[in-house]
Amino acid sequence: HGRSGVSRRRSVLYDVIVAGSGPAGSIAACRMAESGHKVVVVDWREKLGDKLCTGIVGRQCLKRFPANSSDIHHEACSATLVAPSGKSHTIAKDEPQAYIIDRVAFVAALAGRAQEAGASLRLGERVEGIQVDDAGVTVRTTSGTGSGVYEAKALVIATGFSTPLLKMVGLEELGPEGHMVGSQVEVAASHVENTEIHLGEAVAPGSFGWVVPLSGDHALVGMVSRGRLNGHMGAFLSAMQRRGKAGAAVNQPRRWGIPIKPLPRTYADRVLVVGDAAGFVKPTTGGGIYYALLSGEIAAQTVHDAFLADDFSGRSMKRYESAWKSVFGRELRIGYYARRLYESLGDDQIEYLLDAFVASDMLDDLVSNGDLAFDWHSGPILKAVGHHELGRVIRSFGPVVAPFLSRLNGSRPG
């Protein structure tokens with residue numbers, strides 16, 4: 001006991017420390033423990049997976065990282081786009097393309113698998129300090145029962161967007177242009193059969209709002225935007241209630257930050273950054289579960305290789321960044337410029353473009369050829385800007401879209 005009477009833990013030696021028990025941290029811990037490494041996961045939360053999120057994942061994600069059937073709220077075979085004018089367009093396929101899952105239960109199951117593989121889990125502990133030197137990594141934590149000290153050869157940072165741990169290890173944070181703000185509330189709802197995406201400046205400046213069905217006659221109503229949300233959430237919720245899409249709110253609306261581009265660097269000596277902390281979120285929709293899981297697996301393999309080579313230098317850890325870029329880096333880049341292009345449009349332009357998209361042969365082509373994938377957007381985006389009719393429509397919007405259109409066209413295969 002210290003002078004204050006609060007208990008203090010002695011330093012404990014591990015192979016790897018994982019800060020954060022979300023999807024990325026949990027899968028990284030699981031894979032490293034499965035490889036025989038002694039792993040500890042620390043998280044300031046007491047409840048696993050307790051984070052604002054719609055919980056929508058694609059078919060590929062669920063195939064690679066299965067969820068318990070009881071944790072799947074809804075299967076989505078279709079989605080409805082609602083234009084600024086209120087005109088709606090439904091995109092449908094014969095089989096489910098996405099699933100709305102119970103995120104809390106899904107993440108808890110991932111953490112449970114990590115524990116079964118041998119990882120230790122320490123909840124309610126907040127990281128207060130990190131020291132990296134030639135000998136290893138020392139992480140100091142505080143909790144309601146005292147303080148902890150953990151020592152290891154490597155550290156995986158998985159503590160979510162805008163984490164203070166980046167500064168502790170000398171990594172650069174995202175600038176103010178690199179994130180959006182989301183707002184969401186759960187409501188009673190008995191007449192929502194598929195996901196609705198609502199577009200327009202009045203809904204969410206430069207972005208969109210959503211109504212996502214859950215099980216048990218409930219739904220999620222929310223929005224995301226890089227613009228200032230000043231009364232937009234309340235107005236959107238009221239509009240959905242008037243239209244019978246939403247009933248009474250189950251809880252108060254909550255906000256959270258969402259990155260739309262990766263960090264300038266996602267590694268350092270003995271350190272890797274994964275998931276939202278690294279900025280691995282689809283810029284188009286703000287969804288990040290699949291890329292978080294993929295980055296966690298890539299990080300686990302990188303750390304395992306570092307142990308085999310006994311090399312935890314930045315040069316060794318850089319292989320992680322090369323690996324994630326080869327898997328989904330192009331998706332992040334193309335999605336970012338597509339979002340910036342969309343943000344430059346006014347309501348009339350969005351309406352015109354959406355009508356052109358539905359009237360063209362591209363929608364049928366995407367649906368019939370299987371190019372419309374929930375987690376991989378670069379293909380449909382590049383098809384759209386390269387389409388003879390849609391490309392002409394986008395170019396007609398003039399100089400405001402030119403910089404982003406140029407970037408997208410430059411990403412198309414030659």
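User: Why does arginine 270 count as buried?

Analyst: Its relative accessibility is 10%. Buried means under 20% relative accessible area, exposed over 50%, and partly exposed in between (1.4 Å probe, protein chains only). Arginine 270 therefore counts as buried. This is a predicted model, in which local features need pLDDT of at least 70 and side-chain atom pairs count only at pLDDT 80 or more, while totals for chains, interfaces and linings use all residues. Residues are numbered from 1 along each chain as its sequence is written, and side-chain values use heavy atoms, with hydrogens and water left out.

User: What is pLDDT, and what does the protein chain average?

Analyst: pLDDT is the predictor's confidence in each residue, from 0 to 100. The chain averages 90, and 94% of the residues score at least 70. Residues 1–8 stay under 50. For that stretch the model has nine contacts beyond four places in sequence; contact means heavy atoms within 4.5 Å.

User: Where is arginine 270, and what is noted about its phi?

Analyst: Arginine 270 sits in the loop between β19 and β20 (271–273). Its phi is near 65 degrees, a positive value in a residue other than glycine. Serine 162 also has a positive phi, near 60 degrees. That residue is in the loop between β13 and α4 (165–168). Helices (H or I, at least four residues) and strands (E, at least two) are DSSP runs, numbered from the N terminus.

User: Is serine 162 buried or exposed?

Analyst: Serine 162 has 51% relative accessibility, so it counts as exposed.

User: How do you know that glutamate 297 and arginine 64 make a polar contact?

Analyst: Their side chains are joined at 2.8 Å. A polar contact is a pair of N or O atoms within 3.5 Å; within protein, one must be able to donate a hydrogen and the other to accept it, and residues adjacent in sequence count only if both atoms are side-chain atoms. Glutamate 297 belongs to helix α7 (residues 289–309). Its relative accessibility is 16%, so it counts as buried. Leaving aside neighbours within four places in sequence, glutamate 297 touches Ile27, Arg31, Arg64 and Phe65.

User: What makes the pair of tyrosine 291 and tryptophan 376 tilted?

Analyst: Rings of Phe, Tyr and Trp (its six-membered ring) pair if their centres lie within 6.5 Å; planes under 30 degrees apart count as stacked, over 60 as edge-to-face and the rest as tilted. The whole structure has 13 aromatic pairs. For tyrosine 291 and tryptophan 376, the centres are 5.7 Å apart and the planes stand at 50 degrees. Tyrosine 291 lies in helix α7 and tryptophan 376 in the loop between α10 (362–369) and α11 (378–386), so the pair ties together parts that are 85 residues apart in sequence.

User: Why is the pair of phenylalanine 307 and phenylalanine 312 called edge-to-face?

Analyst: The planes stand at 85 degrees, with the centres 4.9 Å apart, so the pair is edge-to-face. Phenylalanine 312 is buried, at a relative accessible area of 7%.

User: How do you know that lysine 38 lies over the face of tyrosine 14?

Analyst: A charge sits over a ring if NZ of Lys or CZ of Arg is within 6 Å of the ring centre and within 35 degrees of the ring normal. Lysine 38 is at 5.0 Å from the ring centre of tyrosine 14. Arginine 265 lies over the face of tyrosine 267, at 5.2 Å.

User: What makes β1 and β10 edge strands?

Analyst: Two strands pair if DSSP finds at least two bridges between them. The open sheet runs β1-β12-β11-β10, with mixed pairing. β1 (12–13) and β10 (126–133) each have a single partner strand, so one side of each is left without a neighbour in the sheet. Seven bridges join β10 to β11 (residues 136–143), and these two run antiparallel.

User: Which strands form the six-stranded sheet, and how many bridges join β2 to β13?

Analyst: The order is β9-β3-β2-β13-β20-β19, an open sheet with mixed pairing. Strand β2 (residues 16–19) and strand β13 (residues 154–157) run parallel, joined by four bridges. Valine 18 stands opposite valine 156 in β13.
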